[in-house]
Amino acid sequence: MNRGTDVSEAAAVLAAGGLVAFPTETVYGLGADASRADAVAKIFAAKGRPSGHPLIVHLPPEASLDGWAASVPDVARRLAAAAWPGPLTIILPRGPRVSLATTGGAETVGLRMPAHAMAQALLRAFGGGVAAPSANRFGAVSPTTADHVVSDLGERVDYVLDGGACDVGVESTIVDLSRGRAVLLRPGGLPREMIEEITGPLATPDAQAPAAPGTLASHYAPRARVVAVAPDDVPAAVARSVGKVAVLAPAAAFARWPALPATAHPLPDDVAAMARGLYAALRDLDAAGIDVVIAALPPAAGLGEAVGDRLLRAAGPRRSES
Ligand code: TXA
Ligand code: MG
């Protein structure tokens, strides 16, 4: 594994069918040539991810969607114009340039134009679509620094592009526009309110919505058990817990709990800064040997919806494959 800031070396690795971890504004991605089944297969192997789980295709900001999507409804064009480059993934009918290995056999594809300058430089230098899930082992917390990537994947990656810490800190928002109405598949770095200005109210997934297997409960989970509760319920949740207990909450909240028998792990009060630091905090708590994390849920507005979603998923039931 090589690590550095050499975008042309990273692009050459992609062109040779190898794996490159790269920063985006949300989290680090583990990239391969989205048009090549053999290259994409390496992603699933490195992550330990089931091959039926579709990958997002990343494109440079000036790319045309032709070839990547088979058809692009007007609402998708308007949403892309307003939100890209940025932390939004749009699900559309799969175009011929996207390998079926990338979509896990699905006839839809998730497309995203990231806002990170180093990601854009890589995508331009490579000149194609880059399939990339988050650069962590399957089921674990997404990486927001190059160190996180190296500790999760190490020698499984050919090149790690180091662009420092990610600015947004939670994954992209995923909106399905492949079936004539706008469905929110995953809250994320682009707040729902901004999307709904263009799409109107976002629907919740029904049985016909494309499966987004990575959004199952128990994803985004650290080793410690996570209990996500309303802020008022934190003291009672601490009282019920055994082992080394930590409380993850906005810094301002701790003033209300003077004698809490738990390690305090304050997050910034501002929800954008909270999102930015969330995954690093969960990793730090694991490194400190914490058994139970009592996490205070933020209000669900703006980025708070994504932060709350990730905390609830981290608290979700463990499955054998995670
Ligand atoms: O911010 C992000 O989205 C990051 C960065 C690297 O771009 N990527 C990311 O990828 O979070 P991943 O694979 O960890 O999560 C993508 C989610 C998965 O839950 C997957 O099931 C869903 O997107 N997805 C991808 N393509 C899909 C499709 N065609 N239909 C339904 N869901 C899809
Ligand atoms: Mg992921």
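A: Let's start where H8 crosses H9: the crossing is left-handed, a label used when the near helix is turned anticlockwise from the far one by less than a right angle, with right-handed for clockwise. Bear in mind that this is a predicted model, where local features need pLDDT of at least 70, side-chain atom pairs count only at pLDDT 80 or more, and totals for chains, interfaces and linings use all residues. Residues are numbered from 1 along each chain as written, chains are lettered from A and ligands numbered from 1 in the order written, and side-chain values use heavy atoms, leaving out hydrogens and water.

H8 covers residues 271-287 and H9 residues 304-314; their axes are 9 Å apart and the packing angle is about 30°. That's why the two helices are roughly parallel to each other (under 35 degrees is roughly parallel, over 145 roughly antiparallel, 65 to 115 roughly perpendicular, and the rest oblique). The axes are lines fitted to C-alpha atoms, for helices over the stretch in contact, with angles from 0 to 180 degrees between N-to-C directions. The helices themselves are DSSP runs (H or I, at least four residues), as are strands (E, at least two), numbered from the N terminus.

From H8, the contact takes in Val 271, Met 274, Ala 275, Leu 278 and Tyr 279, which meet Gly 304, Val 307, Arg 310 and Leu 311 of H9. By class, that contact has seven nonpolar residues, one polar and one charged. Here Ala, Val, Leu, Ile, Met, Phe, Trp, Tyr, Cys and Pro count as nonpolar, Asp, Glu, Lys and Arg as charged, and the others, Gly among them, as polar.

Now zoom in on Tyr 279 in H8. Tyr 279 is buried, at 1% relative accessibility (buried is under 20% relative accessible area, exposed over 50%, partly exposed in between, with a 1.4 Å probe and protein chains only). Setting aside neighbours within four places in sequence, the contacts of Tyr 279 include Val 27, Val 141, Thr 144, Glu 171, Tyr 220 and Arg 310, where contact means heavy atoms within 4.5 Å. Val 170 is another of its contacts: 109 residues away in sequence, yet with C-alpha atoms 7.9 Å apart.

The buried residues of H5 are Ala 146, His 148, Val 149 and Leu 153. They sit on the same side of H5, because they span an arc of only 155° around the axis, taken from the directions from the helix axis to the C-beta atoms. Their cover includes H8, along with strands E1 (2-4), E2 (20-22), E3 (29-33) and E8 (159-161) and helix H2 (37-47). Just after H5, Gly 154 has a positive phi of about 45°.

Not counting residues up to four places away, Ala 132 touches Phe 22, Gly 29, Leu 30, Gly 31, Leu 55, Ile 56 and His 58. Pro 54, 78 residues from Ala 132 along the chain, has its C-alpha 9.6 Å from that of Ala 132.
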